[in-house]
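Hello,

Here is the structure we discussed handing over. My notes on it follow below.

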Amino acid sequence: MFFYFDRSKNHEPFHVQLYNYIKNEIQLGHLNTGEKLPSIRFLAQELNISKQVIHSVYQQLLAEGYVESKPRSGIFILPFENIKFISDSSSCIKNVEEVKSPNIPIDFFYSSLDSSKFPLQAWKKCINRALENIHNMTSYGEKQGELHLRKQISYYVRNSRGINCMSNQVFIFGGTQQSIQFITRLLDLTSTMVAIENPGYGEARAAFTQSQCKIRDIPLDEDGISVYHLKKNLVKAVYITASHQFPMGMVLPIKKRLELLEWAKKNESYIIEDDYDSEFRHIGRPIPPLKSLDNENRVIYCGTFSKSFSPSIRCSYVILPEDLVEHGIQSLKSYSQGASLIIQDALAYFMEEGYFEKHLRRMKTTYQKKHKVLIKAIENYLDPHVEIIGEKAGLHVLLYLKHIKAEDLIMEAEKLGVRIYSPNAHWFLQKPESIIMLGFGALTEHQIESGIQLLSSIINHKSVQIDGK
């Protein structure tokens, strides 16, 4: 296998060039199904670059489902069953139900963010600038959302997520549930079957239920939603968290993404893609969303600032396919804008001045450090009594408990000043007895390690009891 491309004519970082080159060779059929990629050592020598660069590119291809790794054999091209690929998406690889208690010293709440890193001065500056605009104090604002913010969002998703859209395709709402309610009206989903991942995001399910949709639960495979089971159901839409499944944490591979798009095209159905925390991926680079692969106008993209910036601003957005935009505008005539006009304007300034991008870079570094501490602490103190689930992205992980029930551990941990959570609210059929959810966003590195040590005192004691029987 010979890799050739002219590095001197491409100004992108080399790892991006190599990733795109291999991906395109697979898509064009120049690399055949079952063909083995060169070893990391060989390719590093051949291209005169570090092995780490090759490793990161291969890991990205693995994460997206283009290739598979066979132990002691190597990395091999996966089949794609003649599903059509669309044009290059190189820009994609650029660099709660429970109430949180303030009385618990170490609270692994899965929706909390690090308040110590909040860019307060920059945000105040943008808020003050928005307040100086008298229009913001005397107007209800545009029902679709302020044009200034919609433009900034269209720039952001193009650069960070590979989604090419115009500002008129962006609709602003006061949170994800409002976004979903808008979509149910737009697609006329009342009394209509909608498919949802099981387990899946409980608040999204509630929003569909409140809109009187009929829910069809679709189980998960090891790599995400079961397309096989989805195809067995006649549904007008499917709601999915493809880039970081909630709550299980897996990333939907490229093959399944393309199968979903093919299914939507064939059945004239829609995919509602909730990309709620794609910014925070700890292993590999961000995964391209389904929307960036959508050339048939079947994906409705939902984004939010709750994880990337602040949940308190209550600002989310929907990106519609072009052929639904006019219908979307018409459907808003009887509704008021749910997001504060002042907040929208301030957020637009925050993005325009580069504060948002700077904040994201800082938080990515912060959360990656905390994630590393968490994983290391679990391995040091809880191994082999637990199994980590969904550790590649996001601000929480799940732990499968081998020797103790989740409800017992939750009660015992609280006695020691540690609060952990059950994810059962997000299971809609048979609920697991031995899985807990640990969020780490708001905790210090010291609190994370101390909390895991305290959990180990309970889990290890329980394991000794079992072994002694």
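Which residues are buried in helix 7 (residues 176-186)? In this predicted model, they are Thr176, Ser179, Ile180, Phe182, Ile183, Thr184 and Leu186. An α-helix has 3.6 residues a turn, so residues three or four places apart point the same way. After helix 7 comes Asp188, which has a positive phi, near 55 degrees.

Next, a helix pair. Two packed helices are described by the angle between their axes and the distance between the axes. For helix 4 (residues 120-131) and helix 12 (residues 341-352), the angle is about 125 degrees and the axes are 8 Å apart. Helix 4 and helix 12 are therefore oblique to each other, and helix 4 passes helix 12 in a right-handed crossing. On the helix 4 side, the contact is made by Ala122, Trp123, Cys126, Ile127, Arg129, Ala130 and Leu131. Helix 12 contributes Ile342, Ile343, Asp345, Ala346, Leu347, Tyr349 and Phe350. By class, the residues of this contact are 12 nonpolar, two charged and no polar.

Then the cores. The largest nonpolar core has 64 residues, of which Phe305, Tyr317, Leu347 and Ile420 touch the most other members. Helix 13 (residues 355-381) gives the most to this core, nine residues. Beyond its neighbours within four places in sequence, Ile420 is in contact with Phe108, Leu409, Ile410, Ala413, Ile436, Met437, Leu438 and Leu455. There is also a second, separate core of 40 residues, with Leu31, Ile218, Leu230 and Ala264 among them.

Regards

Methods:
Residues are numbered from 1 along each chain as its sequence is written. This is a predicted model: local features need pLDDT of at least 70, side-chain atom pairs count only at pLDDT 80 or more; totals for chains, interfaces and linings use all residues. Side-chain values use heavy atoms; hydrogens and water are left out. Axes are lines fitted to C-alpha atoms, for helices over the stretch in contact, and angles run from 0 to 180 degrees between N-to-C directions. Helices (H or I, at least four residues) and strands (E, at least two) are DSSP runs, numbered from the N terminus. Angles under 35 degrees count as roughly parallel, over 145 as roughly antiparallel, 65 to 115 as roughly perpendicular and the rest as oblique. A crossing is left-handed if the near helix is turned anticlockwise from the far one by less than a right angle, and right-handed if clockwise. Contact means heavy atoms within 4.5 Å. Ala, Val, Leu, Ile, Met, Phe, Trp, Tyr, Cys and Pro count as nonpolar, Asp, Glu, Lys and Arg as charged, and the others, Gly among them, as polar. A nonpolar core is a set of buried Ala, Val, Leu, Ile, Met, Phe, Trp, Tyr and Cys residues joined through side-chain atoms within 4.5 Å. Buried means under 20% relative accessible area, exposed over 50%, partly exposed in between (1.4 Å probe, protein chains only).
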